[in-house]
Amino acid sequence: MNGRAKLLAINVGLPQDVSWRGRTVHTGVWKRPVAGPRMVRRLNIDGDGQGDLDGHGGEQRAVLVYQIDSYRYWQERFGRDDFTFGQFGENFTVDGLPDDEVCVGDRYRIGEAVFEVTQPRVTCYRVGLRMGEPRLAALLVSHRRPGFYLRVLTEGRVEAGQEIVKIASGPEGMTVAEIDALLYLPGHSRERVARALRVPALSPGWQTSFRALLDQPDGEPAGNAGLTPASAGGPPPAWEGFRPLRVTRIDAESKSVFSLTLADDNGTPLPPALPGQFLTVRLRPDGGGPPLIRSYSLSGRPDAAAYRISVKQEPHGSASGYLRAHLRVGDVLEFAAPRGAFTLEAGDAPVLLVSAGIGATPVLAMLHALVAARSAREVWWLYGTRDGTEHPFAQESRDLLARLPNAHRHICYSRPAPGDRQGVDYQTAGRLSLGLLSAVGAPRAAQVYLCGPAAFMNELPAVLASSDLAPAGVHTEIFGTGPALNPGLTSVPARPVHPPAGPPGTGPRISFARSGLTVEWDPAYASLLELAEACDVPTRWSCRTGVCHSCESGLLSGSVGYSPEPVDAPARDNVLICCSQPRDELVLDL
Ligand SMILES: Cc1cc2nc3c(=O)[nH]c(=O)nc-3n(C[C@H](O)[C@H](O)[C@H](O)COP(=O)(O)OP(=O)(O)OC[C@H]3O[C@@H](n4cnc5c(N)ncnc54)[C@H](O)[C@@H]3O)c2cc1C
Ligand code: FES
């Protein structure tokens, strides 16, 4: 480092509610300089706080640092002269310590306190909100001026004007700018990523991201597994958009569930799917009207030449009701290729397949796969339903389990019918609760695969926290929209999805498959994310400007353009909805 580094300002601020685009954001990004000495503690500087502890703050992100040189850079770039200390949400404004010289793991003494550099700044829309520059989160990364976080090794008082003394160098000599670029910018050299993982001071969150990048198979077409599980490998979809498949069988599985077997018209075997993946069907009950788009997990043997899906007829359900009433053997339907990351992982760990109701379908495909592979793994089939009339795949699952050397079965009927035999058809009278896992002696360190109604899935975190199961991995599938991730937004009411207010747009049709909603695009929206928000479709985002990949979603058909261009491309057949606009009709897995 050239010259002596100096602490120019200590900036603090407690979270406040800020109005933003008709909503309220709870944020601590407004920091103001304070005079005199301040105590710096393990989690915060006195008087400072963060609005959203999932994204900011905590031991690894106790103090955010930004350089006065970068102030000058951005002032020039934006043609502004109104910056004041704390402008970038930082706690310490410093002279010196540039991002391309400071290394993760470097240690500094300021006043009485000692600090260690843990990671670059988190990419988040709130810094752009504070600055009135919505694209700032992406610009900080692409211009390699992110700033960085410090962990507090020794608590103590610090004061503006004090010298910053370097007392130790981070091992591996990897600068903040390099580590930031390694995660966010294209390239991700495996050798450099492995090297970054050898820096013990690198925060656990960044270590997880880099491990995911290392685990991403070589030659993946694109995508950043370090930023989103949506890119975490797996083969790309077997075909683009929708293709016709013929219904070759319809089988009743229970009172309300029926299976469709689907084959290629020319008799060509269909591309294999991974056990646990789903198909998406596009139905056109009204001819030219908006299509009905729904997803159905594959329930048969994943490597079979034909596909099988199993549909529960929902009371008043549009698609399931239409299929039940109108579908005949020989009919042709349009399907998007198998997709989804809820898939059976290889390994020797015990496998718990836990499902309720129609949630049996993807785990049944996994059971088929285990049998086809003659797996010696310990396999548990735990299933809950109402009674024997609503017990699909009862015989099929029993037969499959009988072919495994180390299989266990436990069935719960919440309201057994008079003819249902306890000990034969079912074991427990009552709802399948995850608490049962420990009670029936399910093994520890298992890979758990869960699929069922929302109430059942919502139990999961509490059960895992209170039981001694300590699973090796927990995988869940949701038959609907996933949970929203809208950092900092307060009191967002969970409203059913709906078309946007006002007259319909004049652009191409946009279908949100999981939400069951098709609407017209209106170029007044800056991005697909804005359209989704106008429809109350649950969304996930953080930077809103194409850098963090939180908004990466499946693109089942159609194509998009990007403005602004994303910093790193999403995986093939995925889309970053925060910075894209449709080129033609789209079907999104949202
Ligand atoms: C990844 C994934 C995998 C899936 N796998 C499967 C699967 O294997 N099998 C399966 O059956 N489903 C599966 N689903 C769910 C499936 O996609 C559909 O959501 C489901 O079939 C319901 O669609 P629908 O059109 O019949 O119901 P919708 O018309 O979308 O209605 C949804 C719900 O609202 C209720 N409803 C609708 N209208 C009314 C009304 N007027 N009054 C009262 N209630 C009403 C319906 O009863 C229903 O419960 C999966 C979903 C996803 C995302
Ligand atoms: S929200 Fe960050 S890339 Fe879209």
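Predicted model: local features only at pLDDT ≥ 70, side-chain atom pairs only at ≥ 80, totals over all residues.
The C-alpha trace spans about 80 × 55 × 40 Å along its principal axes. For 590 residues, you'd expect a compact globule to have a radius of gyration near 25 Å, and the chain comes in at 27 Å, which agrees. Of those 590 residues, 54% count as buried. Now look at contacts with a separation of 6 or more: 70% of them are between residues 24 or more positions apart.

The accessible area is about 24700 Å², and carbon and sulfur atoms account for 50% of that. As for charges, there are 59 positive and 63 negative ones, and their mean positions sit 2 Å apart.

Now the part I wanted to show you, the aromatics. How many aromatic pairs does a search of the whole structure find? The number is 18. Let me walk you through two of them.

Take Tyr-66 and Phe-88. Their ring centres are 4.5 Å apart and the planes meet at 35 degrees, so we call this pair tilted; stacked would need planes under 30 degrees apart. Tyr-66 is in strand 6, residues 63-67, while Phe-88 is in the loop between helix 1 (68-78) and strand 7 (92-95), so this pair links distant parts of the chain, 22 residues apart. Are these two buried or exposed? Tyr-66 is buried, at 0% relative accessible area, and Phe-88 is buried too, also at 0%.

The other pair is Tyr-413 with Tyr-426. Here the centres are 4.7 Å apart and the planes are at 20 degrees, so this one is stacked. Tyr-413 belongs to strand 21, residues 407-413, and Tyr-426 to the loop between strand 21 and strand 22 (428-429), so the pair ties together parts 13 residues apart in sequence. Tyr-413 counts as buried at 2% relative accessibility, and Tyr-426 is buried at 6%.

Tyr-66 and Phe-88 belong to a cluster linked by ring pairs, together with Tyr-71, Phe-83 and Phe-85. If you have the structure open, have a look at that spot.

Definitions and conventions. Residues numbered from 1 in each chain as written. Chains lettered and ligands numbered in written order. Heavy atoms only, no water. Rg over C-alpha atoms; globule rule 2.2 N^0.38 Å. Buried < 20%, exposed > 50% of the residue type's maximum accessible area, 1.4 Å probe, protein only. Contact = heavy atoms within 4.5 Å. Areas by Shrake-Rupley, 256 points an atom, 1.4 Å probe, with all protein chains shown as cover. Lys, Arg positive; Asp, Glu negative; His and termini not counted. Charge placed at Lys NZ, Arg CZ, Asp CG, Glu CD. Phe/Tyr/Trp six-rings, centres within 6.5 Å; stacked < 30°, edge-to-face > 60°. Helix = DSSP H or I, 4+ residues; strand = E, 2+ residues; numbered from the N terminus.
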